[in-house]
Amino acid sequence: MKKIAIIGGGISGLYFANLLNNQKDFEYKIFEKKDNFNFLEGYGIQLSVNSIKLLNSIGFKNISASEVSFPSKVNFIQANNSKKICDIDLTQFNDYSNRYTTLKRSTLLKFLFQNTPQEKINFNSNITKVDTSNGIRIFFGDNKNEEFDYLIISDGIFSKTRSLIFNESIYPKYNLNVALRGKLKGDFDSDISIYMGSNSHYVIYPVNQNNEYNFVAIIKKKLSSDELKNYDLFKSDEFLASLVSGLQKTSQINEENLSELKSFPVYVSSGFTSLNKKNIFLSGDALFTFPPSFAQGASQSIETANDILKCILSGSNDIYEKRIKHIYSIKKKSAFNLFSFHLSNPFNVYFRNIALRYLSRNKIFLDNYLGKIYKN
Ligand SMILES: Cc1cc2nc3c(=O)[nH]c(=O)nc-3n(C[C@H](O)[C@H](O)[C@H](O)COP(=O)(O)OP(=O)(O)OC[C@H]3O[C@@H](n4cnc5c(N)ncnc54)[C@H](O)[C@@H]3O)c2cc1C
């Protein structure tokens, strides 16, 4: 029986654990830093068909229909006048049993958690050292240590385990944007709406069938290194209010229906860590963190975890190397989306809108730009 350590019980780590439940030649342990999971969080997540297909194969299709939503379009709207520019039909990428899905992030985590035997999850884990000189030995803060055959590092963007093992310093970079998240209650569109403004954009979509919606804005903001380290700044009412008031919002959004606002600086990966250690894999945001303008972080985390298992089973790294190329192409598209969503010069906005109207109906473009990712 081979032993696998999974560091981090986020989307990637828990999904990988779910895959291992069907593998009788492997046993695993999850090491999670937190003391528990919070399944009350209401923020949303979009999952495209590529990850839904993988999730459905482990039973996600049986989740209650009231806990998810199936948007059929992405609407592109000009934020300063709330006029719709065009839309993209998402159903063209769906198939009979797999549909583009929006939901609460906590709904997904709860599903993955419920299918994981509780004795396999070690909360409050504090990994202090990983010795890879002869196999893989993990050392913990309580002076214990344990040996494993494989190590899956899925402890998120600021992965401590990655820096314990790999010497190069590839730190995530602040990408000059702040994210503002909140919950919206009311009677909004059942599709995904992207409002594009000057140096900012925001996205609204339903997270279930109970008139609850996710609100996420990405706002360009230069911040000093002191400001970036000041966690209180991002929580302060004054800062949150300044972010909200700076947005060109539709009148449908107001103080009464927008709640639980949170802000945080957006960090993205600046490169890939060279993966030169046998039987050690990086997954999810620990492998690569995208700008949040393609809504692919979670979907790619799931795909990567799936590929890692294929590598372990086949004993080859080829699939993993292909995945890195794929991730690189999504990174470029995410950065391009962010650039075009934030245009401010009226001349550029005018031509962007013409291009969007044309491209949103162009099957060849859509198949290349989205289909290659969604139908992967
Ligand atoms: C504003 C915003 C909007 C987004 N929207 C979308 C979207 O709509 N669709 C989408 O697909 N993606 C979206 N993403 C991206 C997505 O949330 C992430 O890519 C995804 O959560 C990554 O999963 P993960 O498992 O790698 O990391 P995480 O979900 O961050 O999980 C990491 C886990 O590791 C644990 N951990 C951390 N350090 C340690 C340690 N030292 N030891 C042990 N455990 C540790 C953490 O507590 C956590 O449980 C968005 C991201 C942002 C910022």
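Three strands make up an open sheet in the order 3-7-4, with antiparallel pairing; strands here are DSSP runs of E with at least two residues, helices are runs of H or I with at least four residues, and both are numbered from the N terminus. Two strands count as paired if DSSP finds at least two bridges between them. The edges of this sheet are strand 3 (44-47) and strand 4 (68-69), each of which pairs on one side only. Strand 4 is joined to strand 7 (residues 101-104) by two bridges in the antiparallel sense, and V68 stands opposite L103 in strand 7.

The structure is a predicted model, in which local features need pLDDT of at least 70, side-chain atom pairs count only at pLDDT 80 or more, and totals for chains, interfaces and linings use all residues. Residues are numbered from 1 along each chain as its sequence is written, and side-chain values use heavy atoms, with hydrogens and water left out.

Helix 3 (residues 105-114) lies across strand 3 and strand 7 and runs at about 85° to strand 7. Such angles run from 0 to 180 degrees between N-to-C directions, and the axes are lines fitted to C-alpha atoms, for helices over the stretch in contact.

| Helix pair | Angle between axes | Axis distance |
|---|---|---|
| Helix 1 and helix 3 | about 30° | 9 Å |
| Helix 2 and helix 8 | about 50° | 8 Å |
| Helix 9 and helix 11 | roughly 135° | within 11 Å |

The angle of about 30° makes helix 1 roughly parallel to helix 3. Angles under 35 degrees count as roughly parallel, over 145 as roughly antiparallel, 65 to 115 as roughly perpendicular and the rest as oblique. Helix 1 passes helix 3 in a left-handed crossing; a crossing is left-handed if the near helix is turned anticlockwise from the far one by less than a right angle, and right-handed if clockwise. In this contact, I11, L14, Y15 and N18 of helix 1 meet R105, L108, L109, L112 and F113 of helix 3, where contact means heavy atoms within 4.5 Å. By class, the contact of helix 1 with helix 3 holds seven nonpolar, one polar and one charged residues. Ala, Val, Leu, Ile, Met, Phe, Trp, Tyr, Cys and Pro count as nonpolar, Asp, Glu, Lys and Arg as charged, and the others, Gly among them, as polar.

Helix 2 (residues 49-56) and helix 8 (residues 297-314) pack at about 50°, which makes helix 2 oblique to helix 8. The crossing of helix 2 past helix 8 is left-handed. N50, S51, L54 and L55 in helix 2 meet S299, Q300, I302, E303 and N306 in helix 8. This contact of helix 2 with helix 8 has three nonpolar, five polar and one charged residues.

Helix 9 (residues 318-341) and helix 11 (residues 363-374) cross at roughly 135° and are therefore oblique to each other. Helix 9 passes helix 11 in a left-handed crossing. H326, I330, K333, F336 and N337 of helix 9 meet N368, Y369, K372 and I373 of helix 11. The residues of the contact of helix 9 with helix 11 comprise four nonpolar, three polar and two charged.

A further open sheet has three strands in the order 9-10-11, with antiparallel pairing. Strand 9 (127-131) and strand 11 (145-148) are its edge strands, each pairing on one side only. Neighbouring strands of this sheet are turned by 20° against each other on average, direction ignored. Strand 9 and strand 10 (residues 136-140) run antiparallel and are joined by four bridges, and K129 stands opposite F139 in strand 10.

The chain as a whole has 11 helices and 18 strands. Its radius of gyration is 21 Å, close to the 21 Å that the globule rule gives for 376 residues, so the chain is as compact as a globular protein of that length. The radius is taken over C-alpha atoms, and the globule rule is 2.2 Å times the number of residues to the power 0.38. Along the principal axes, the C-alpha atoms fill a box of roughly 60 × 50 × 35 Å.
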